[in-house]
Amino acid sequence: MAEVTLDALVKRFGDVVAVDGISLDIPDESFTVLVGPSGCGKTTTLRLVAGLERATDGEIKIGDEVVNDRRAYERDIAMVFQNYALYPHKTVEENMRFGLEQHGVEESIIEERVAETAALLQISDLLDRRPAELSGGQQQRVALGRAIVREPDVFLMDEPLSNLDAKLRVQMRAELNKLHEKLSTTTVYVTHDQIEAMTLADQIAVMDAGEIQQVGDPTFVYANPRNLFVADFLGSPSMNFVEGTLMRRDGSLVVDAGPFEHEVPDSYRDALDGKLGDRIIVGIRPENVTLRPDGLPALVEVVEPQGEKTVLELDLGDDVSIKASVEPDVPVERTDRVNVEFDRRSLHYFDADTGESLTYTPAERSEASEATLR
Ligand code: ATP
């Protein structure tokens with residue numbers, strides 16, 4: 001097992017800068033998820049670590065060794081792809097054995113590892129089948145099995161669950177979690193699915209346009225986004241953003257945001273004091289909006305029951321609409337008039353020009369993971 005260190009890593013394809021100077025520590029035994037929208041450079045970063053692309057600049061270390069000049073097969077990694085990449089003419093067992101045979105591993109060890117891994121993944125009864133005779137979920141297990149038998153220093157996984165249906169994805173996600181607990185192999189996992197990222201990662205790196213925007217413990221990053229991009233990307237439905245102006249009224253610091261005005265909580269006062277008169281963006285997570293009889297008046301525009309919760313789209317007036325995540329049994333219908341309140345302690349404030357959070361403070365418990373973004 002090993003840690004992986006990326007230092008000022010750059011990859012250009014002609015004029016396209018796919019990876020734009022990424023520095024990231026992936027601790028030994030961690031499950032690090034690279035997450036971000038399509039085209040942000042996740043797969044390219046993973047392929048650079050795998051040795052499937054050559055870095056234009058910067059350094060990749062696996063353990064203590066700089067591996068930039070090492071070919072893919074010389075790096076002690078195993079990769080799991082979105083399309084599984086199984087050999088169609090080989091049986092499950094042959095698919096799992098192949099990598100070990102290529103590396104000249106002793107026959108008795110191959111047999112032992114294949115049997116153990118097949119048992120772990122509950123595919124022992126499928127060893128004689130060919131990939132075409134397997135369901136998508138079973139093929140996914142074989143692809144994982146082929147990586148696990150190698151006992152590599154690092155697993156690299158590129159959207160390995162995206163070809164599965166929604167239910168199977170959730171099941172395989174839980175299984176990946178358990179597998180990681182058992183094997184503790186350093187894992188770098190790429191996905192554009194923020195829920196997958198939040199549930200699997202012990203370290204999440206949110207990427208945009210070839211750069212890492214924020215890295216850390218997923219719960220911490222969700223609660224403390226550094227900028228508008230991270231705030232918007234994590235969470236479903238996304239955080240609400242309402243533009244306002246910071247003003248002083250009767251000695252208090254308030255945000256005038258059109259349909260509503262609120263006093264800045266004490267804990268944020270110092271951070272916002274220097275921004276008096278500036279345009280700022282207030283961020284409100286939908287789960288922090290509640291229906292209260294004495295709250296702001298709002299018109300219900302859309303009601304979306306989602307099972308465990310209901311999402312409301314609410315018109316606050318002045319062209320400001322927000323979403324609220326409420327209990328599923330709240331008796332609300334479209335065109336109803338309701339009253340809403342925001343949990344003031346969980347508001348976020350961003351600079352409207354730079355998009356940077358004005359209230360982000362790294363928590364003590366996250367200092368270790370923050371330190372990994374150097
Ligand atoms: P997705 O989620 O869609 O797979 P991604 O975040 O993994 O996206 P990458 O595949 O790493 O993104 O691509 C990053 C950028 O680099 C994109 O603009 C892409 O078009 C470009 N790119 C990737 N590979 C190549 C290539 N071989 N040649 C030219 N441009 C490339």
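Start by selecting L52, in the loop between α1 (42-50) and β4 (57-62). Helices here are DSSP runs of H or I with at least four residues, strands are runs of E with at least two, and both are numbered from the N terminus. Before going on, note that this is a predicted model, where local features need pLDDT of at least 70 and side-chain atom pairs count only at pLDDT 80 or more, while totals for chains, interfaces and linings use all residues. Residues are numbered from 1 along each chain as its sequence is written, and side-chain values use heavy atoms, with hydrogens and water left out.

Now show its contacts, meaning heavy atoms within 4.5 Å. Leaving aside residues up to four places away in sequence, L52 touches R47, A72, M79 and F81.

Most residues other than glycine have a negative phi, and most peptide bonds are trans.

- Pick S236 and P237: the peptide bond between them is cis, with omega near -5°. P237 sits in the loop between α8 (228-233) and β11 (240-249).
- Go to A209, in the loop between β9 (203-208) and β10 (211-216). Its phi is positive, near 50°.
- Then T335, in the loop between β17 (320-326) and β18 (337-342). Phi is positive here too, about 75°, and T335 counts as exposed because its relative accessibility is 54%.

Last stop: the inside. The structure holds one cavity of 30 Å³ or more, with about 90 Å³ of space in the largest cavity. To find it, select F155, M157, L179, H180 and L183, the closest to its centre of the 13 lining residues. (A cavity is a set of points on a 1 Å grid over the protein atoms alone where a 1.4 Å probe fits but cannot get out; lining residues have an atom within 4 Å of a point. Points are joined across faces, edges and corners, and the volume is the space filled by probe spheres set on them.)

Which element gives the most to this lining? Colour α5, with four residues. α4 (136-148), β7 (154-158) and α5 (166-183) each supply at least two. By type, the lining has 10 nonpolar residues, three polar and no charged (Ala, Val, Leu, Ile, Met, Phe, Trp, Tyr, Cys and Pro count as nonpolar, Asp, Glu, Lys and Arg as charged, the others, Gly among them, as polar).

Definitions and conventions: On a 1 Å grid over the protein atoms alone, a cavity is a set of points where a 1.4 Å probe fits but cannot get out, and a pocket is an open set with protein on both sides within 12 Å along at least five of seven lines; lining residues have an atom within 4 Å of a point. Buried means under 20% relative accessible area, exposed over 50%, partly exposed in between (1.4 Å probe, protein chains only).
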